[in-house]
Amino acid sequence: MLRRAKRIIICLLLISLVLAPSLQASAQTESYTYSYEFFGLQYESPDAYTPTSLLLGTDLGIGDFSNPKSLFVRDEYLYIVDSGNNRIVVVDRYFELIRIIDKALDDGEEITFLNPSDVYVDVNGDLYICDTDNNRVLHTDKDLNLIKTYVKPEDPTILGETNFIPLKCVVDKAGRLFVLAGNVNQGFMEFDKDGNFTNFTGANPVKATFWQAIRKRLMTKEQRARMILFVPTEYSNLAIDKDDFLYATTTTFTTDQLATMETVNPVRKLNSIGEDILVRNGYEPPIGDLQWGTGGDVSGPSRFEDVVPMDNDTYFCLDRNRSRIFGYDFQGNMLYAFGGLGNKLGYFQYPVAIEHMGTDLLVLDNRASSVTRFTLTDYGSYINDGLAYYKEGNYEESANYWRKALHLNGNYDLAYIGIGRALLREGEYQEAMKYFESKRDYDNYSKAFSEYRKEWVEEHISYLLIGAVVLVTIPLIIGRIRKRFKGGAARYERKDRDL
Amino acid sequence: MNAKTEIYKDKFRHLGKTLRYSLYVIFHPFDGFWDLIHEKRGSLGGATVIFILFILTQIWTWTYSAFPFYFPQWEYFNLFMRILPSAVLFFVWCIANWSLTTLMDGKGKLSHIYMATAYALTPYVLIRIPLIFLTYIFSYDEYTYYSVFANLSTLWCGILILAAMMMIHDYSLGKAVFSSFLTIIAMMIIIFLIVMFFSLITQSFGYFVALYKEATFRLF
């Protein structure tokens, strides 16, 4: 009896073990790289870029960087603007020290920098140095002999009482200098080749919405004065791509303003007359993170501190809020995002600048005083190749690379759509529709569907015609028969007509 | 022949007849709604069938529409929560309208309001169900055609409800519009009261739970 009871108890225990809900690991694992799908859900992704090495000032034997503010790459050389030490450190692609720029020569006389915050090197090797606290931009040749200085324009209507505080600068192929100056909200200051100020460019347009305009009308003068001023926002950084288009980022916007994308575009591409021509065809415009959450002391939208246009017209934005890097293609689709806050390799504390050397990405961390190098993985290169072939119109080759990317990441929307596009071009509409539907690309689906419908109708035109004829004639015949065989009113009707 | 089955057959025939009458009502609203109530051409059973079809049409639109016309996040799709608004609004409309029109010299009873409102939803069913099939023929570029028909069905229902209000309560058009407007306000008040009632119940329940917990912590 006792044994039986024991057996039952053991059986029950075993059953309870089987029936107990198995503990599942959290589905929301934070992977290093991720992408977003149609509904804005975050999906894990293989790494497109991996951090490979880290550069500290002490590695070069020149002491730690102090408050480094900017990076610049020309050919094989990386320029690190070491603002706190008033110098610019040049290293090569292997992170070997090439030289330290801490002074320029003006007719043999040495001039030093004070808190320089940016440098631009043109193709001839000429340097443009934003000597911020000296309120000037220095233009030197590659041996650091001063060619000219750009200072505050003499015309008092241009800057007024404000000091000229050059923060960032780029130079286009024609030798025009674009300066992002502090406390200036009319856009970038443009200087011509001879160092004269020409105009402001790329100002943020100020638009008040309909309701704001109405509200302003109804307010008293005092209320209006107390309202937040509608001023154009200042830019946070600028970069120039291979075709001389300016890329600009802005971080000063509120969450509400972000909701109405009319007024805020965190990243822009400006043409020569200062118009924003960035293509925004993605699920969402390029604003960085779509899911903000609240973790630690981080909240709110992404704040792009820097942007780097790559040679293949993709661009990477650096978010200082969550220390992440967002890649976008030339159509505005988000490719992937990676990075994060932290102390490990590949994570940052306060990233301020991003640059690219070939396909490598270099990120400057202001607080950690370090430069991190990211190299492209196979997965990332498949995506790049897929985009490149798509851009030149070779859809089939492009689809091959998308298939390779899909092999590594089954959740990658762009790969499905890329394959669908190739199928659409090859005339396999039904197959293409499947790919588009799976990723909810209704525009392309609609195109494929229209073609498929046309094909279907052409194939079945005879059946359709027969069907239409049958639909018309059968009720007629039935009516005739009913009239003939049924008595009552129908018969009289016929008789009337005969008469 | 069994007498019982004969009765059932008769009932069924009556239901079919009253249902068929809805086709007359939607094309002759004034005449139709008057006869619906006063000549007993409609039935509560028919109204219920139309109402159920109305709900089913919505469900079918969600589940069977072709891809680009409706694509929710199925992982988060809750059918019950989706049909709840239209079902609740329908009944709240009936109750709010009845409680208002009794004060405003309306002639209709609650059953009349229910019946007339349900009959007024017929065009929605008649237009939306064929539209589901059309989504398989239309591409997304032709969405305009789809939305024209969809809006037409809603507009038609709205006009029918107004006509129903005029006929069953014996109102003029102005009074029907005014009473419908007031009904919508009354619906808001009712929904507000329901929500408040529930949140108060939850809070008071939570209070007693907290009290019990506190007591057990102190005593043991």
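Which residues are buried in helix 6 of chain A?

Modeller: This is a predicted model, in which local features need pLDDT of at least 70, side-chain atom pairs count only at pLDDT 80 or more, and totals for chains, interfaces and linings use all residues. Residues are numbered from 1 along each chain as its sequence is written, while chains are lettered from A and ligands numbered from 1 in the order in which they are written.

Chain A has 12 helices and 27 strands; these are DSSP runs numbered from the N terminus, with H or I over at least four residues for helices and E over at least two for strands. Helix 6 of chain A covers residues 378-391. Its 14 residues reach 20 Å from the first C-alpha to the last, close to the 20 Å expected at 1.5 Å a residue; the expected span is 1.5 Å times one less than the number of residues.

The buried residues of helix 6 of chain A are Y379(A), G380(A), Y382(A), I383(A), N384(A), G386(A), L387(A), Y389(A) and Y390(A). A residue is buried if 20 or more other C-beta atoms, placed from the backbone, lie within 10 Å of its own. By this criterion, 35% of the 499 residues of chain A count as buried.

Just after helix 6 of chain A, G393(A) adopts a positive phi of about 90 degrees.

Technical notes: Buried ≥ 20, exposed ≤ 12 C-beta atoms within 10 Å, placed from the backbone.
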